[in-house]
Amino acid sequence: MTSHDPRATTASEPVAPDHPSTEPVVEYQERLTVAWWMWLVVLFVGAASFIALAPINMAVGIIAAVVIMVLITLILHLGSPRIVVTDQDVRVGRAYIERRFVGEAEPLRGDAVRVARGPELDGRAFMNFRVSIPDMCRIEIVDPVDPTPYWLTATRHPEELARAINAGRPTDSA
C-alpha cells in the first residue's frame, strides 16, 4: 500500500514553493589572506625548526618542520577574515550589520588611508586593519542606536566593495 501525498507531483507538474526563498544573494566576497611574503616566513620557521632538531634526530627534525608549517598555515588561513556583502547584510570578519543600517561606502587608497587610520580616526569605529593589505574602505553606519560611526576595513578591491555596498543602499526620497 502506498501513501499518497497531495503535494507530490510528476516530473511534468511544476511545484510552486510554499514561501519565497529568503536565501541571501552574495553581491561581493573576499578573504583577507596574508601577503605572499608571509609564506616565506612560514618556510623560514619550518627550516629553523628542522635545523634545531635535525642534529638530535633527522626524522624528528623533518616531522617537527612539517607539523609547525602546517599549524602556522592553518592559523593564518583560519585567522584571515572574510568580507561578505549580501542583499541582506554586511559582514567583516565576525562583525555583522543589516543592510538597512549601512550608509555610504567610500574606497580609500594611498594617502587617504594614512589620514583615515591616523588623524581622522574615530575611536568608536570598527577597525579591521591588515599589515599586508594597504587599501581600505570606510563604510558608514546609520543605525541610530549604534555608537559606531563607521567601519574601516582593509580590502584588496576597495572600489568593488564600495560599489557593492552603495548599489544596495535605499535611495533618499527627500
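**In which sense do E5 and strand E7 pair, and over how many bridges?**

E5 and strand E7 (residues 136–141) pair in the antiparallel sense, over five bridges. Two strands are said to pair if DSSP finds at least two bridges between them. Helices (H or I, at least four residues) and strands (E, at least two) are DSSP runs, numbered from the N terminus.

**Basis of the model**

This is a predicted model, in which local features need pLDDT of at least 70 and side-chain atom pairs count only at pLDDT 80 or more, while totals for chains, interfaces and linings use all residues. Residues are numbered from 1 along each chain as its sequence is written, and side-chain values use heavy atoms, with hydrogens and water left out.

E5 and E7 belong to an open sheet of four strands in the order E5-E7-E8-E6, with mixed pairing. Its edge strands are E5 (102–108) and E6 (126–128), each of which pairs on one side only. From one strand to the next, the twist averages 15°.

Helix H4 (residues 158–167) lies across E5, E7 and strand E8 (150–154), running at about 165° to E5. For such angles, axes are lines fitted to C-alpha atoms, for helices over the stretch in contact (heavy atoms within 4.5 Å). The angles run from 0 to 180 degrees between N-to-C directions.

**The antiparallel sheet**

Strands of a sheet pair through backbone hydrogen bonds, either parallel or antiparallel. Another open sheet of four strands has the order E1-E2-E3-E4, with antiparallel pairing. Here the edge strands are E1 (26–31) and E4 (95–98), and each pairs on one side only. Neighbouring strands of this sheet are turned by 5° against each other on average, direction ignored.

Strand E3 (residues 89–92) and E4 pair in the antiparallel sense over four bridges. Val-92 has Ala-95 in E4 as its bridge partner.

**Ser-80 in its loop**

Ser-80 is placed in the loop between helix H2 (58–78) and strand E2 (82–86). Its relative accessibility is 6%, so Ser-80 counts as buried. Leaving aside its neighbours within four places in sequence, Ser-80 is in contact with Arg-31, Leu-32 and Thr-33.

**Aromatic rings**

The structure holds one aromatic pair. The ring centres of Phe-126 and Trp-151 are 5.2 Å apart and the planes stand at 55°, so the pair is tilted. Rings of Phe, Tyr and Trp (its six-membered ring) pair if their centres lie within 6.5 Å; planes under 30 degrees apart count as stacked, over 60 as edge-to-face and the rest as tilted. This pair links distant parts of the chain, with Phe-126 in strand E6 and Trp-151 in strand E8, 25 residues apart. Phe-126 is partly exposed at a relative accessible area of 26%, whereas Trp-151 counts as buried at 5% relative accessibility.

Arginine side chains also lie over ring faces: Arg-117 over Phe-129, at 5.5 Å from the ring centre, and Arg-138 over Tyr-150, at 5.4 Å from the ring centre. A charge sits over a ring if NZ of Lys or CZ of Arg is within 6 Å of the ring centre and within 35 degrees of the ring normal.

**Salt bridges**

Side chains of opposite charge can pair when their charged atoms come close. A search of the whole structure finds nine salt bridges, each being a side-chain nitrogen of Lys or Arg within 4 Å of a carboxyl oxygen of Asp or Glu. In one of them, the closest N and O atoms of Arg-99 and Glu-27 are 3.1 Å apart. This pair joins distant parts of the chain: Arg-99 is in the loop between E4 and E5 and Glu-27 in strand E1, 72 residues apart. Arg-99 is buried, with a relative accessible area of 7%, and Glu-27 is partly exposed at 38%.

Arg-109 forms a salt bridge with Asp-135, with the closest N and O atoms 2.4 Å apart. Arg-109 lies in the loop between E5 and helix H3 (111–117), and Asp-135 in the loop between E6 and E7, 26 residues apart. Arg-109 counts as partly exposed at 39% relative accessibility, while Asp-135 is buried with a relative accessible area of 14%.

Terms used:
Buried < 20%, exposed > 50% of the residue type's maximum accessible area, 1.4 Å probe, protein only.
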